[in-house]
Each structure stands twice: as structure tokens, then as C-alpha cells.
Amino acid sequence: MFKKGLAEVLGTFFLVFIGTGTAVLVGDTVGVLGIGLAFGLSIMVSANTVGTVSGAHLNPAVSLAMFINKRMSLQEMLTYFAAQLVGAILGSGLLRMLLSMTDLGTDNLAQTTYSDISTAGAFIVEALLTFILVFVVLSVTSKKGETSYNGLAIGLTLTMLHFIGVPLTGMSVNPVRSISPAIFVGGDAMSQLWLYILAPLVGGIIAAFVAKFLLNTEEN
């Protein structure tokens, strides 16, 4: 269990540091596509490295869906939750430290907030996009759908979801990805944090049931 937890710490660190770091440092240059690719590629790298140890969930919504579909125990899920949070905080913390050594300031850590969409709309967007991501994860990691291209499928899914998510909600679909920068930045990122925690979990729960009953992902 210790190795699995450590793998989740490391993988989530990769995801948050690389993804949010890209958004902060070169987001204006590479645009939504570049930011999406940064997150997607970090998932692919993690899936092909630490994924061999923990499965590279890197997201409480994924772990919750895995628990609901009995792919992991309650203890394992809680361990993954804690590890993912630690990894995310380390990612945002290191990014903030590096930014403090520059003239860029530390008020932008690619925190997720919404202003051009209603709260209900933001909730629907985050829940729906998380549903799509977790649905794909459950599908390609099932005994029926598992292939050597799992990491690629998941990474590209996360990339394409940014095209819709970034303009509307800043794109989270992962509670710890939003928690970690909010801790350091505060403000709207903290006051709106509940949505970025609850909506992805709801999306993950729905994905667990849909994947199980529509695609029969949990059958041998």
C-alpha cells in the first residue's frame, strides 16, 4: 500500500506541476491546446511509469468510481485520496516557490474559478466533463477494454476536454487539481472550491454506474 500511495503522490505531482506550470508560464503562447496537451501528456507519462504500481488514478473522482465498482477497497481509496492531495499540494507549492524567484508574482497558480457562467452551469460543466473522463478511464482499464494504449486514450481525452472546460470553468475535473492552488492563492478560488470538489465527484459516481451497466465493464 505504501508503494501505491507514493506512486499516486508522484503521479499527481507530475500532473499538477506540469499542467498548471504550463498554464502559468506559457499559457498565453500555447493557448488552450498547449495547456490541454500538457495535462494530457503528463497523464500519459504517469500511466506508463507509476501506473504500473498504482494504476495512476491521480484524481479522487477516478478512485471513487473504482471503489463504487469494487476495484479497490475503502482503505485503498482513502489512501489514494490522501496521496493525491499531497502530490497536488507539492506540485502547486513547488510552482509557487519557483515563481517567487521571478518577477512574475505568485498570485496566478492556474487556480480554477468561474465568472462568465452561472454556478449551476459551472457545476454541470465540471460534472459532465468529469463523467466523460472517468467513463473513458473505466472503459479502457476494464478487462474487456484494456489495451497497451490506455494512457494515450486517457491523455487525449483529458486534452480535448480542456477545449470546453478552460473557457467556461478553468477546467478542473479533479478535486485536488483545484484544491492545491486554492490553498496558496485563496480568494475566489477558495470560495468557489466546493463546486470543484463536489461536481467532479458527482461526475465520477455517475460514470461508475453508467460504465458498469451500459458497457458491462466489471464483467470478465
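## A patch on the surface

Which residues form a nonpolar patch on the surface? They are Leu 33, Leu 37, Leu 41, Met 160, Phe 163, Ile 164 and Leu 168, and together they have about 610 Å² of accessible area. Such areas come from the Shrake-Rupley method with a 1.4 Å probe, and for residues only the protein chains shown count as cover. Patches are made of residues with over 30% relative accessible area and no salt bridge; like charges are joined within 9 Å, and nonpolar side chains (Val, Leu, Ile, Met, Phe, Trp, Tyr) within 5 Å. A salt bridge here is a side-chain nitrogen of Lys or Arg within 4 Å of a carboxyl oxygen of Asp or Glu.

Helix 1 and helix 6 (150-169) each supply at least two residues of this patch, and helix 6 gives the largest share, 4 residues. One of the patch residues, Ile 164, is found in helix 6. Ile 164 is partly exposed, at 47% relative accessible area (buried means under 20%, exposed over 50%, and partly exposed in between, with a 1.4 Å probe and protein chains only).

## About the model

This is a predicted model, in which local features need pLDDT of at least 70 and side-chain atom pairs count only at pLDDT 80 or more, while totals for chains, interfaces and linings use all residues. Residues are numbered from 1 along each chain as its sequence is written, and side-chain values use heavy atoms, leaving out hydrogens and water.

## The whole chain

The protein chain has 9 helices and 0 strands (DSSP runs numbered from the N terminus: helices are H or I with at least four residues, strands E with at least two). Its radius of gyration is 16 Å, close to the 17 Å that the globule rule gives for 220 residues, so the chain is as compact as a globular protein of that length. That radius is taken over C-alpha atoms, and the rule is 2.2 Å times the number of residues to the power 0.38. Of the 220 residues, 49% count as buried.

Now let's go inside. Ser 46 lies in helix 1 (residues 2-47) and is buried, with a relative accessible area of 0%. Beyond its neighbours within four places in sequence, Ser 46 is in contact (heavy atoms within 4.5 Å) with Gly 11, Phe 14, Gly 51, Ala 56 and Leu 58.

Gly 21 is also placed in helix 1, and counts as buried at 7% relative accessibility. Not counting residues up to four places away in sequence, Gly 21 touches Val 16, Val 26 and Leu 95.
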